Amino acid sequence: MRLRYEEHTWPELRELAQRDDLVVVIPTATLEDHGYHLPIDTDARLVSGICERAVEASGGQALLFPTQVHGYTPHHLDFPGSVTLRWN
């Protein structure tokens, strides 16, 4: 089994969906400033790397979904490039 969800065909995903022992790991992060020295996607890079290694260590018991980028961080909007959801 391949590690990443998006690398599978739809017939493969249909078959994987029948498994009761498979965990889908969904990394979630924000796009926000981290000072002058780090890129906007620092959080996404970190959580993606951690989740990828966890799925690798699962021995075929987990599947890595693409990183979802969202969050409610309006206090970062003074910094160009930051993205936030509205509270409602």
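Some ground rules. Residues are numbered from 1 along each chain as its sequence is written, and side-chain values use heavy atoms, with hydrogens and water left out. Because the model is predicted, local features need pLDDT of at least 70 and side-chain atom pairs count only at pLDDT 80 or more, while totals for chains, interfaces and linings use all residues.

I start with the rings. Rings of Phe, Tyr and Trp (its six-membered ring) pair if their centres lie within 6.5 Å; planes under 30 degrees apart are stacked, over 60 edge-to-face, and the rest tilted. The whole structure has one aromatic pair. Tyr 5 and Phe 65 form it, tilted, with 4.7 Å from centre to centre and 55° between the planes. Tyr 5 sits in the segment before α1 (10-16), and Phe 65 in the loop between β3 (62-64) and β4 (68-69), 60 residues apart. Helices (H or I, at least four residues) and strands (E, at least two) are DSSP runs, numbered from the N terminus.

Next, Glu 32, in the loop between β2 (28-29) and α2 (42-57). Is Glu 32 buried or exposed? Buried, and without a salt bridge: the nearest side chain of opposite charge, Arg 45, is 14 Å away. Buried means under 20% relative accessible area, exposed over 50%, and partly exposed in between (1.4 Å probe, protein chains only). For charge, Lys and Arg count as positive and Asp and Glu as negative; His and the chain ends are not counted. A salt bridge is a side-chain nitrogen of Lys or Arg within 4 Å of a carboxyl oxygen of Asp or Glu.

What Glu 32 does have is a polar contact of 3.2 Å with the side chain of Thr 30. A polar contact is a pair of N or O atoms within 3.5 Å; within protein, one must be able to donate a hydrogen and the other to accept it, and residues adjacent in sequence count only if both atoms are side-chain atoms. Ser 82 is among the residues in contact with Glu 32, contact being heavy atoms within 4.5 Å. The side chain of Ser 82 reaches the backbone nitrogen of Asp 33 at 3.2 Å.

Finally, the structure holds four salt bridges. One of them joins Glu 52 and Arg 4 at 2.7 Å, N to O; Glu 52 is in helix α2 and Arg 4 in the segment before α1, 48 residues apart.

How values were computed:
Lists of a residue's contacts leave out its neighbours within four places in sequence.
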